[in-house]
Amino acid sequence: MYISYLLSLLNVLLLVTARAQGDEYASDPNIFELTASNFDKVIHGSNYTSIVKFYAPWCGYCQQLKPVWKKLGKAVGRDSKLSVNVAAVNCDKDYNKPLCAQYQISGFPTVMVFRPPKYDKNKAMSGKRQRHASEAYNGQRTVKAMLQFLGSRLKNYVKKVHNLDSDLIKWINEDLEKAKVLLITKSNLISPLLKSLAIDFLTKVDFAMYGKHNDQPKTIEIDGKLVEIPKTDSSMLLYFDKEKGEFVIYDATEKLDDKTQLSRWISTVAQIDPIEGPLSKRGKKLLKYKGKKKVEHDEL
């Protein structure tokens, strides 16, 4: 009886502590702690895919998911390798209850994924913000499973070129005024990291991938100029400098696994700033909804 009393008292203390703590992720550098006032701005106002945990601090299952959620935020935030937002909404707060009701949150924790619409230039020019499609995430609540799911929900703006002759030349000539970045790699799959780079530079830089190593140097003609594509023994990222009529090779590191560093390189060689992500004006503005940012690699 005495033990039962102590257990009951402990549960009450845990609930009181949880309520006193309030928002669980307000100081987390990798997770957006959102409210009704900024939810649309962060979630619906970008081309990023978002995963949101709707929770209540007193909920035991929410507390169980908390360490996994923090690890997920860190995994996504490390070198910002995915164009994904990891967020949370405290449905116990009165000002958030209409938001939680809007998404029909009836139990805690509820995990939802928000997927942006495919970018449409005409709709974007009209100034109308397109809301993201939402779906409940019912998969395994492990970091690995959620990362795989989020990777599958990224929009793809990377063109696959099937040869380094007509296909590549056609892609470059489609819009000579647009900056072009090409990945030559042995993989035939477009990695989430490459998709994320294309999302961050959407409308400003075109990305393509050739899924086979170039065993010998190759010369092609672009806009009346002979351009050499170097031999590759491993994955290689190239920027096409249309003024000089040549490909510039990314050689800052051996591995193509640091999205922040890759973004900086693209910004430097193309003299273009990304429209989203931590290096963009928008990304820097959104940092006020997170704790202090600290970040570290997925390979292309």
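**Entry 1: helix α8**

What covers the buried residues of α8? I looked around the helix in this predicted model. The cover includes α6 (143-152) and α9 (259-270). It also includes the strands β6 (158-160), β7 (179-184) and β8 (205-210).

Next I checked how much of the helix is hidden. Helix α8 spans residues 192-200, and eight of its nine residues are buried. I listed the buried ones: L193, L194, K195, S196, L197, A198, I199 and D200.

**Entry 2: D200 and K259**

I stayed with D200, one of the buried residues of α8. Its side chain meets that of K259 in a salt bridge, at 2.5 Å from N to O. D200 sits in helix α8 and K259 in helix α9, so I noted a link between distant parts of the chain, 59 residues apart. Are the two partners buried or exposed? I found both D200 and K259 buried.

**Entry 3: the salt-bridge count**

How many salt bridges are there? I recorded a count of 12. Side chains of opposite charge can pair when their charged atoms come close.

**Entry 4: E24 and K53**

I then looked up E24. E24 forms a salt bridge with K53, and their closest N and O atoms are 3.8 Å apart. E24 lies in the loop between α1 (2-21) and β1 (32-34), while K53 belongs to strand β2 (residues 49-55), so the pair ties together parts 29 residues apart in sequence. I checked the accessibility of each partner.

**Entry 5: E135 and R153**

Which residue does E135 meet in a salt bridge? I found R153, at 2.8 Å from N to O. E135 is in strand β5 (residues 133-136) and R153 is in the loop between α6 and β6, so this pair ties together parts 18 residues apart in sequence. E135 counts as buried because its relative accessibility is 19%, and the cut-off for buried is under 20%. R153 is partly exposed, with a relative accessible area of 25%. I also noted a network: salt bridges link R115, E135 and R153.

**Entry 6: a positive patch**

Which residues form a positive surface patch? I wrote down K41, R129, K204, K281, K285 and K288. I followed up K288. K288 is placed in the segment after α10 (281-286). Its relative accessibility is 61%, so K288 counts as exposed.

Definitions and conventions:
Residues numbered from 1 in each chain as written. Predicted model: local features only at pLDDT ≥ 70, side-chain atom pairs only at ≥ 80, totals over all residues. Heavy atoms only, no water. Buried < 20%, exposed > 50% of the residue type's maximum accessible area, 1.4 Å probe, protein only. Helix = DSSP H or I, 4+ residues; strand = E, 2+ residues; numbered from the N terminus. Contact = heavy atoms within 4.5 Å. Patch = residues over 30% accessible without salt bridge, like charges linked within 9 Å, V, L, I, M, F, W, Y side chains within 5 Å. Areas by Shrake-Rupley, 256 points an atom, 1.4 Å probe, with all protein chains shown as cover. Salt bridge = Lys/Arg side-chain N within 4 Å of Asp/Glu carboxyl O. Lys, Arg positive; Asp, Glu negative; His and termini not counted. Charge placed at Lys NZ, Arg CZ, Asp CG, Glu CD.
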